[in-house]
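Trainee: I am new to this structure and would like to understand the words used for it. Could we go through them together?

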Amino acid sequence: MQQILDWAAEDSIPGIVAEVHDADGTWFGTAGVADLATGHRRQPGEYLHIDSSGKTFTAATVLALAAEGRLSLEDPVNTWLPGVMETGGYDGDKITIRVERTVIRPLDLTHT
């Protein structure tokens, strides 16, 4: 994995970091820098603000779990995130994981 990070940092990305947690422990890798002006490198345990990119990671993970049969897109939200939908008059027992959008707004095409 470190080779992939090194390759990415050589190809116009100022800095990249990856931290993997699994049954064998934690692996942390970095390449490039966190701050171009100071040359400061990333450190284990730092938090990165990834803006709306988290939505993409979440969607990819949910779809992978659905493909493995570990969950269904038709499962109610409360099955996996009990109580999360208990605000604003929503009912997490009636809302499923699947979210369908019928209208794409121009903002959706440019928002990150």
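**Reading the labels**

Mentor: Happy to, and let's begin with Pro-14, which is partly exposed because its relative accessibility is 45%, and partly exposed covers what lies between buried (under 20% relative accessible area) and exposed (over 50%), with a 1.4 Å probe and protein chains only. A word on the background: this is a predicted model, where local features need pLDDT of at least 70, side-chain atom pairs count only at pLDDT 80 or more, and totals for chains, interfaces and linings use all residues. Residues are numbered from 1 along each chain as its sequence is written, and side-chain values use heavy atoms, leaving out hydrogens and water.

Trainee: What does Pro-14 touch, not counting residues up to four places away in sequence?

Mentor: Pro-14 touches Ala-31, Gly-32, Val-33 and Leu-36 on that count, where contact means heavy atoms within 4.5 Å. Pro-14 and Leu-36 are 22 residues apart in sequence, yet their C-alpha atoms are 7.2 Å apart in space.

Trainee: Why does Asn-78 count as buried?

Mentor: Its relative accessibility is 17%, and buried means under 20%, so Asn-78 counts as buried.

Trainee: Which backbone nitrogen lies 3.3 Å from a polar atom of the Asn-78 side chain?

Mentor: That of Gly-83. A polar contact is a pair of N or O atoms within 3.5 Å; within protein, one must be able to donate a hydrogen and the other to accept it, and residues adjacent in sequence count only if both atoms are side-chain atoms. Leaving aside neighbours within four places in sequence, Asn-78 is also in contact with residues including Val-84 and Asp-93.

Trainee: What makes Arg-98 and Glu-74 a salt bridge?

Mentor: Their closest N and O atoms are 2.6 Å apart, and a salt bridge needs a side-chain nitrogen of Lys or Arg within 4 Å of a carboxyl oxygen of Asp or Glu, so the pair qualifies. This pair links distant parts of the chain, 24 residues apart.

Trainee: How many salt bridges does a search of the whole structure find?

Mentor: Two. Arg-70 and Glu-68 also meet in a salt bridge, at 3.3 Å from N to O.

Trainee: Why are Arg-70 and Glu-68 called exposed?

Mentor: Arg-70 has 56% relative accessibility and Glu-68 has 53%. Exposed means over 50%, so Arg-70 counts as exposed, and so does Glu-68.

Technical notes. Helices (H or I, at least four residues) and strands (E, at least two) are DSSP runs, numbered from the N terminus.
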